[in-house]
Amino acid sequence: MFIYLLLQYGFINTCLKSLVVEKYGEETWEKLRLQAGVQDSFLTFEVYKDEITMQLIDKACKILGVPADMVLREFGGYFFEFCKRSGYDHMLRTLGGNLYEFIENLDALHSYLSLSYQEMNAPSFRVEKNEDGSMHLHYYSDRRGLCHIVPGIIGAAALDFFNIEISMEIINQTEEEERTGKKEHIVFLVTQNPVFSYKERNEFSSSQYLADSEKQMENQLNKENTIRDKGSSVCPVKKSHWKTIRGIITLGKGKLLRGFDPVYPKSLWIDTKTFCNGLPFHLVFDKELRVKQAGVSIQKIVPGLQTMGICLDHYFSIVHPEVPFNISSIQKFINSQFVFQTRREMMPESWKQRPMLELRGQMIWMEPLQCMLYLCSPLLRTLHELEERQMHIADIAPHDVTRDLILLNQQRLAEMELSNQLERKKEELRILSKHLEEEKKKTEALLYAMLPQHVANQLKEGKRVEAGEFKECTILFSDVVTFTNICAQCEPIQIVLMLNSMYLLFDRLTTVHDVYKVETIGDAYMVVGGVPVPVPTHAERVANFALGMIIAAKGVQNPVSGNPIQIRVGIHTGPVLAGVVGEKMPRYCLFGDTVNIASRMESHGVPSKIHLSSSAYQCLKYKNFEMTERGEIEVKGKGKMHTYFLIRNKTASENEIMGRPMKDSDSGHESVQSFQEGRTETIASCHQPGSVNSTYLSLLEQMNVNTTQLNILFCSFSYSDSAREGPDPSRCNEVY
């Protein structure tokens, strides 16, 4: 149907998207369009290349695993329903009273739609009735391989409009490029069977009974009339009147009792002059294409037609349908609308610079005269086209609807342009909205990395975040052993790269074990379990995270010695108070003595060891962790404390601790070794003081670090070990 004339427009691709999304889901469409390499949405009146549609159909066959003819047939049926929903329902329904008339007028529908879709390349349809009730449907198209859409569309239309089921099979397929200008000519055999529901069968039976009853009544009335004529002098006018009434009575569903027989005058009551003036655009020509008669307006435009007997094909060419200019071809497509175009070389000098005039109309074969009558009108869509040809509305006959069509279509084209602009704006807004949503997700991800999600959401809503008390949580501190010495012997960029590589590993572990990273200060790293969301397994999560830190640190190279760095880890369990501090760059901070003790566990720890307080030990005592007693030690500001060392998790493998895929579980130490070697390559040559590798400079530029600030950064790292032993004991409510 008219799917082909829309094939270059976004309407057809939108329909294809709707079919895939409705029947197979949004994910299938996304996969389909990505493989086809096309955009997500299409503008209705925008012209697109045919290759886009062909590519979508080809990929759909591969993804769905069905043959192309099945995909096209299903698409044809869906396209019919899509057109109905898009406002073409009444237009399609009024094409004909039966399937034959419907198909016969498809070319006329194409001609109408060309007013809106001026870039279309429509196919041609020709239908022939057979004696057995079947039909031969001839389909001509410039596009190959799409013929299977026709059965889908025609079948859906026949079932919906005429309540009949049809079967269509291809009986002939040829290429007739020379004869019609079309690359493909398909002949379908169309057979049809009526479809009746139970209710319709009853209605059909009732109508038959009604028809039989009416027939009996008619016979009875005829008998009475005959008797009346014989027995009495009844006015014959009454009988004639009854026949007239009887002739217009309808039975059943609009079936006339008597057929219609037209009445023709014995002679034509119109003179030649009036005919040529009343139909200013018409032509009469014989089998040899010799012009016998022409309307006055067409003579005015093409003066050569005033010489009767000239050959019509010298002055005109056939634009549609694309057939040779001879009488047999015209008779074969006589039910199609014909479009003639004037030949430039035969036009007057004044027309040389103007667009050629096109005429559109129907052909009528006059058998007694053996001539063809071409009733036509100028094919003009807009006032602009009228002005280009220096014509006026007055040149068109008052009864010709082309006058109204030009004015109405001018308004329609303006509305279409406005609709197209709105559609473009809508698409731009959709893309902007999509980009905005992506940027929003990035912003939220960055915000949630700095603050707990529920806290960030409250701040976004302008609410005040109240401080909360957590009765039990586990806090971890870590730092790099001999960090001061490393800073003294390395370039600032080397320190930045070392810390960044270490923190990237630690940050990944926070996700693996679901603990909250509070902050980093220099080489100090602080996390907490059980805050901001209380969980009963806070101690186990922090313990597993600490074990992962020790393993991950082996993969970070000391830029001075070239050996893996060593870290100290301290853990303590206890109550804290947590809340947001500040309005500019707000931070989620922990308050309480638990923070101080955890910091002391780290500062009084041993390199590459995890130092536990007694409260942390009690939480892990029966949780499948191996721990050893360190004994009593003197803790600055706290006096003597009984502490322990965490050795390992008895039930979890190293890969589970590190969050690696289980397929690497057999590699054990080898995985750690290969990981360490990879990190060694990244930090190569860092241990040489005074030399900065070009790789570091490029990484520095990617990190947007200002090189003039590196000395300040370097100085901030070079603080004394005595200052790193922990907070002053008098500051019992230290903030972190």
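Buried, as the word is used here, means a relative accessible area under 20%, while exposed means over 50% and partly exposed lies in between, with a 1.4 Å probe and protein chains only. The structure on screen is a predicted model, in which local features need pLDDT of at least 70 and side-chain atom pairs count only at pLDDT 80 or more, whereas totals for chains, interfaces and linings use all residues. Residues are numbered from 1 along each chain as its sequence is written, and side-chain values use heavy atoms, with hydrogens and water left out.

Select E427 to begin. This residue lies in helix α15, where helices (H or I, at least four residues) and strands (E, at least two) are DSSP runs numbered from the N terminus. Because its relative accessible area is 19%, E427 counts as buried. Apart from neighbours within four places in sequence, E427 is in contact (heavy atoms within 4.5 Å) with S41 and L43.

Next, show the whole of α15, residues 402-450, together with α16, residues 453-460; the two helices pack at an angle of about 120°, with their axes 8 Å apart. Axes are lines fitted to C-alpha atoms, for helices over the stretch in contact, and angles run from 0 to 180 degrees between N-to-C directions. The angle therefore makes α15 oblique to α16, given that under 35 degrees counts as roughly parallel, over 145 as roughly antiparallel, 65 to 115 as roughly perpendicular and the rest as oblique. To see the contact itself, pick E444, L447 and Y448 on α15, and Q453, A456, N457 and K460 on α16.

Now turn to α1, residues 10-24, and α3, residues 50-64, which pack at an angle of about 15° with their axes 10 Å apart. That angle is why α1 is described as roughly parallel to α3. On the α1 side, select I12, N13, L16 and Y24, which meet I52, T53, L56, I57 and L64 of α3.

Move on to helix α20, residues 593-603, which is mostly covered, with ten of its eleven residues buried. Among the buried residues of α20 are I597, R600, M601 and E602.

Finish at the cysteines. How many disulfides does a search of the whole structure find? The search finds zero, a disulfide being a pair of cysteine sulfur atoms within 2.5 Å. C83 is in no disulfide, and its nearest cysteine sulfur, that of C15, is 6.6 Å away. C83 counts as buried because its relative accessibility is 0%.
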